[in-house]
Amino acid sequence: MSLPPGFMDELRSRTSLVQVVGRKVMWDSRKSNQGKGDMWAPCPFHHEKSASFHVDDQKGFYYCFGCQAKGDAINFVQESENVSFIEAVKILADEAGMTLPDRDPRAQAKADKRTQLSDIMEQAVKFFRMSLKTGAAAEARAYLERRGMKAATQDQFDIGYAPEGNALFAHLTGQGVDPQLVIDAGLAARPDDGRAPYDRFRGRIIFPIRDARGRAISLGGRSLDPNARAKYLNGPETELFDKGRSLYNQGPARAAAGKGQPLIVAEGYMDVIALAEAGFGASVAPLGTAVTENQLALLWRISSEPIIALDGDKAGIRAAMRLIDLALPLLEAGQSLRFAIMPEGQDPDDLIKAKGAGAVQAVLDQAKPMVDLLWQREVEGKNFDSPERKAALDKTLREKIKLIRDPGIRAHYGEAIKELRYQLFRPQRKPFEPGKGGGKGSFKRGKWQAPTRAQASTKASLLVSADEARQQHLRESVILACVISTPAVLDEFEEGLENLHCADEDHRFMRDLMLRQAHRGVLDLKSVVEEAMGPEALDFLLGHPHVRLAPPVRRPGDVDMARQTISEELRKLASDLGHRAEVAEAVEVIGEVEDEAVTWRLGQAAEARNSAQRSQQEEGGEFELGDNGAPIDKDERKALDALIQNISMTKGKR
C-alpha cells in the first residue's frame, strides 16, 4: 500500500523519536541532552552495557555505533515490534491521532481474509488442546510423558492432539465456518476426485506455529504411527504461512534474547521446547527445512550472533556446512553465526535429559566461529602432502572468501585463514638426538632444549619499538585522511585499503566505513564518517600535526597529489611489514643455518627498507613522517647491526 507523501510528512512532524524510543530504552543522563533532543542509551537491538545508541530528535534519526542499526521512527517500530511497514505506520498514526487514508478495496479484502484465517487457526488450536484431554489421546499423553514434557510446558506451547478421521473439519463447519476457508487455512484438503474434504492432521501431536506477534499461522504435527510416511508434518503454504519466512517460537525467543539470553537455533520442535524448559528461552527452529536466507534475516533481527545448535550426527554437520555457504555473502560487521555441535548421536533434548542444562551450556560456551567451521570443512579428512593439493585448498578457500561482500570482513577472514593455514603447514622441527642429525639448540642442566618460536619472537621483538608502531599509526592516519579529503581516489585504492593492517580500532572502523562506499559514487566521505563516528573522531584524525601537514589534506580534491601520497605511504607500510617478517624469520632460524646467510638476509631486508625510506626524499616529498623529523632508516640500520653483531657473538661462544 502506498501512502500520500503529505500524510507521511505530517506523521513524522507529529512523532517524537525520543518518545518512541524511550519506551524501549533507559536514557543515559550523563551523555544525553534533553533540551537539544540529543539522547544516548544502551542499544535495544543488541545486548550491551555502554550507551552507544544515539537519537537525534531534531533530525528524526537514530544510529547505533555498536551494531550499526539506524533509521527513523517507523524503522524503529518495525524492528522493535517486528511488524510490517504498514503496521508500524498504523501504530504511530494511532498514537498521533491520525487516520490512515482509505486503502485499496482489494488490499482491504485480502487483509480481512487473513484476519478470518487467523481466527480459524485459533479455533483449531483450541479444538486440538481439548482433544488432548480425551480418551482417544491416551497414547499421545503417554508419549509426552515419556519425553518428559511437563503439563505447564504443554500449556505454554499449546500442545494438542489431532484425532483420527475428519473431526476438525466437522467441528469447524459445524460452528458455521466456510469449508473453503478451512481449506485455505491449510487445515483441510480436497481430494482430486471431488470427494469431501479431509483433515490434513490426523493421529498426530500438534505444535501450533505462531508469528512474532503470537498469532497462530500454521501447525506442525508429530505422528504416533511408526509406519507413517512422514514423522513430522507442517501445514502447507497459505496466505498466513510462509515456511521460509517463519521460525518456531519466534516471539518468546525475541523477548528472551532482548533480556540477554543467547539466541539458539535448534533443529525441531521438541529441541526448542526442551531448551526453553531448561532455561534457554531464546530458542527457535526452522520449520522442517534447512535455514533460508529470509530466516537468517529474522535471526539477525533478534540477535547479532545466533548460535546454531546442531545434532551431533552426520546430518547435523552437513546442515552446518550448507548454512555456511548461505551466510557468507550476507555477513556484516557484528553480524555472524557461531556453531555449537552436540555430542555425537545426541540432540539438545537428549543432552538435557542425560546430563542436564549445565551440559548444554558447556557446549554453547565452546561454540565455534563460522571461519573455524569453514576451515574444518575444507581440511577435515584430507591429505595435503603435495604442493598441488595445498594449492587446491588455497583456491577453494579464496573462492569461499570472495563470497563475502563486506570488504572489512573479507579481509579479516583472509587473515584468519592465513593463520590457520600457517598452523597446518608450518614446518615441525625434529628434536636433537645424539648421533643423529637434527636442529641446533643448547644444553641446559644436562637436558637438550630446541630453539622455540617464543625465543625467536622475543629476540625479534627488540626490533619492533614504540617508535615503529607510532610510525605505522601515522602512516595509516595519512592514508585515511587523504582518501577522506579526496574521495575520487577511493575506488582506485580499494584493494590497498582492504589490505591495510590497522592496529587502531578507530582506524579499522573508519576504513571499513569507506570501503562500504566504494563504487557508489559517494563524494562526501567526511559526512559518512561524521554520521557514523561523530565529529570528534574526524577532528582527531585531521587535527594531528603530521596529518594536517600532508599536502593532500592541505589541498583537498587534488587527485594527483592524493594518488602520489597514498601510493607512497602504502609502499612504505608494505616495506615495514616485509621487513619485520624477514627479520622475525631470520631470527627464528638463528642457529639452524650459517651465520653468513642470516647476515645476508638481514642486510637485504634493511636495504629494501632503506631504499623505500629514501625514495620520498629523492622524489621531492614535501613532508617527512617521524616525531623528531630524523630519517627512520638510521635507527633501523643500528638495530640490524646490533642483531648481526649478536649473531656473531653467539657463534663465537659455541
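Rings of Phe, Tyr and Trp (for Trp, the six-membered ring) form an aromatic pair if their centres lie within 6.5 Å; planes under 30 degrees apart count as stacked, over 60 as edge-to-face and the rest as tilted. By this criterion the structure holds 14 aromatic pairs. The model is predicted, so local features need pLDDT of at least 70 and side-chain atom pairs count only at pLDDT 80 or more, while totals for chains, interfaces and linings use all residues. Residues are numbered from 1 along each chain as its sequence is written, and side-chain values use heavy atoms, with hydrogens and water left out.

One of the pairs joins Trp 40 and Phe 65, which are stacked at 5.8 Å centre to centre with 20 degrees between the planes. Trp 40 lies in strand S1 (residues 38-41) and Phe 65 in the loop between strand S3 (61-64) and strand S4 (70-71), 25 residues apart; strands are DSSP runs of E with at least two residues, helices runs of H or I with at least four, numbered from the N terminus. Trp 40 is buried at 16% relative accessibility, whereas Phe 65, at 24%, is partly exposed (buried is under 20% relative accessible area, exposed over 50%, partly exposed in between, with a 1.4 Å probe and protein chains only). Lys 31 lies over the face of Trp 40, at 4.1 Å from the ring centre; such a placement requires NZ of Lys or CZ of Arg within 6 Å of the ring centre and within 35 degrees of the ring normal.

Phe 384 and Phe 425 form an edge-to-face pair, 6.0 Å centre to centre with 80 degrees between the planes. Because Phe 384 lies in the loop between helix H16 (370-379) and helix H17 (387-402) and Phe 425 in helix H18 (residues 407-425), this pair ties together parts 41 residues apart in sequence. Phe 425 is buried at 19%, and Lys 390 lies over its face at 4.8 Å from the ring centre.
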